[in-house]
Amino acid sequence: MKASQAIKAISGALIVLASLNAYAQSSDATAAPDTTAAPSAKSTKATNRALQRKVLKALARAKGLTAENITVRARGGAVTLEGRVSDQGQSDIATQTAQGVAGVTSVKNALEIRAQ
Amino acid sequence: MKKALLAAALMSAGVIAHAQSSVTLYGRLDAGVAYMSGIPSTTGGGSTSRVSLESGDWGTSLWGMKGVEDLGGGLSAVFHLEGSFSTATGALPGSGELFNRYALVGISDNQVGTLTLGRELTLDGEDLWAYDPFAQSSWSSASLVRGRNWQASSNNINFDSQTFGGFAARVQYSLGNTTNFNEGATGNGGQFNNEGRSDAVEIKYNNSYVQLRGVYDEVRNVNGGLGDATDGVWASSREYMAGGNVILGPFTLNAMYDGLRSSGVNGAATGVATTANQEYGGVTWHATPAAQLIAAVYHVNANNGAGNATMYTIGGSYNLSKRTLLDIQVASVRNSNNATFSLEANLPSTPGNSQPDNPLPGHSQTGVYAGIEHSF
């Protein structure tokens, strides 16, 4: 009885190990063509910067928003808003405006709401 | 037929403009309990302390309205009204203006910038509050310059540019509204609500990690002077401010220089500063999305026997919801031998303008407040 349980446990563990190994190999196999096709770090940076500029421009032109103390950081389509605005209404306008920019997939609002 | 088409076109244009205009009503109520030591005793010598209920320690209690009307072609008409009041007493500010912070109307162009006319906070406070670790709370960057950098100014012409490659500029020009170009009149704003002609220029730069700001301004007194023999540089003077914020994940670092210079002041008694320099810096840690902790140091050095002082402070806030927060600040100001700088942004005590909260020369002052703030 005990032996069969041990065998079950060991074979189970082996299956898990084997599957982990298989996973690692398959991801390795697909990773190779990915790296050649993936954009270079430089062009990724440029794309992020272009999106940052687009979001900043949209914020600067948003009605009812003082955007000058907001900074924008983009990683892919994920945008983070940081800095300070004077009230909750401004913070909400900033989120909505950033969400409306083409290429933005998500907006993290880390704005601090403070004023004199 | 042509007339009918024209009428239809005009009607639809009118409908569009109307549909896109908007007015927002907003406000903030701030109240808390404060303890402050180092207040000169009015009965006999030495210092005493006080416990008080206060409004506006963490942020000013205020209410206002903002409006935008789309005029088409990238143009819009804008207005802004905002007034402060005391949540502790319900009273309007000392000089009784309904809209003491903002009363502005103007035109905004989404390519160029915004031009407005009216009453406004001065640029050193209006824009640089966001570069003070404590965002111009009651005990922060205005304290050691005795309120010089958080005034409101009347009769302004303002231009705020759009951003070009991360850079933007802003100009504020306030007329004295008297027959003498530089002089002032009652109702003009400033420390004594009678400032003369004043002006300010600001350069701004932003990227994803750094926000830099530089401000130069001139505030003249009622006689058109930059500084005077009674209040030194604290009410009227030239001012140079430069500094910025660095944003590193959950940490924001702030540093700023604030220099005050008078011009042509004769007969200033010992103890009346004709030059002063303030430096400050701090760090804000956004520990969670709801909680932030702040630590900061402010240092001032004034000439002509007015001495120097350093204020050490820590504090923070906790958001119960998007609109309601609890706040706390602990601060201590250490004065040199003859200095009388307070935690509060008070002018020096003079025969015509007694400031009972300023500590005795060379004495320190320590305080703590805890409060609640609700925005709507």
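**Entry 1: A:Leu51**

Leaving out residues up to four places away in sequence, A:Leu51 touches A:Ala74 and A:Gly103. I took contact to mean C-beta atoms, placed from the backbone, within 7 Å. A:Leu51 sits in helix H2 (residues 41-61) of chain A. Helices (H or I, at least four residues) and strands (E, at least two) are DSSP runs, numbered from the N terminus.

Is A:Leu51 buried or exposed? I found it buried, because it has 22 C-beta neighbours inside 10 Å. The cut-offs: buried means 20 or more other C-beta atoms within 10 Å of the residue's own, exposed 12 or fewer, partly exposed in between, with C-beta atoms placed from the backbone.

I also checked A:Gly77. A:Leu51 and A:Gly77 are 26 residues apart in sequence, and their C-alpha atoms are 7.9 Å apart.

**Entry 2: numbering and limits**

Residues are numbered from 1 along each chain as its sequence is written, and chains are lettered from A and ligands numbered from 1 in the order in which they are written. In this predicted model local features need pLDDT of at least 70 and side-chain atom pairs count only at pLDDT 80 or more, while totals for chains, interfaces and linings use all residues.

**Entry 3: chain A overall**

I listed three helices and four strands in chain A. From the N terminus on, the order is α-α-β-β-α-β-β. Chain A has 116 residues, and 33% count as buried. Of its contacts with a separation of 6 or more, 56% join residues 24 or more positions apart.

**Entry 4: helix H3**

I turned to H3 (residues 88-99) of chain A. This helix has twelve residues and reaches 17 Å from first C-alpha to last, close to the 16 Å expected at 1.5 Å a residue. The expected span is 1.5 Å times one less than the number of residues.

Which residues of H3(A) are buried? I noted A:Gln90, A:Ser91, A:Ile93, A:Ala94, A:Thr97 and A:Ala98. Seen down the axis, the buried residues of H3(A) fall within an arc of 160 degrees, so they line one face of the helix. The arc is that of the directions from the helix axis to the C-beta atoms. These buried residues pack against H2, E1 (70-75), E2 (78-85), E3 (106-109) and E4 (112-113) of chain A.

**Entry 5: the side facing chain B**

I found 22 residues of chain A in contact with 27 residues of chain B. H2, E1, E2 and H3 of chain A each supply at least two residues of that side of chain A. H2(A) gives the largest share, four residues.

Terms used. Contact = placed C-beta atoms within 7 Å.
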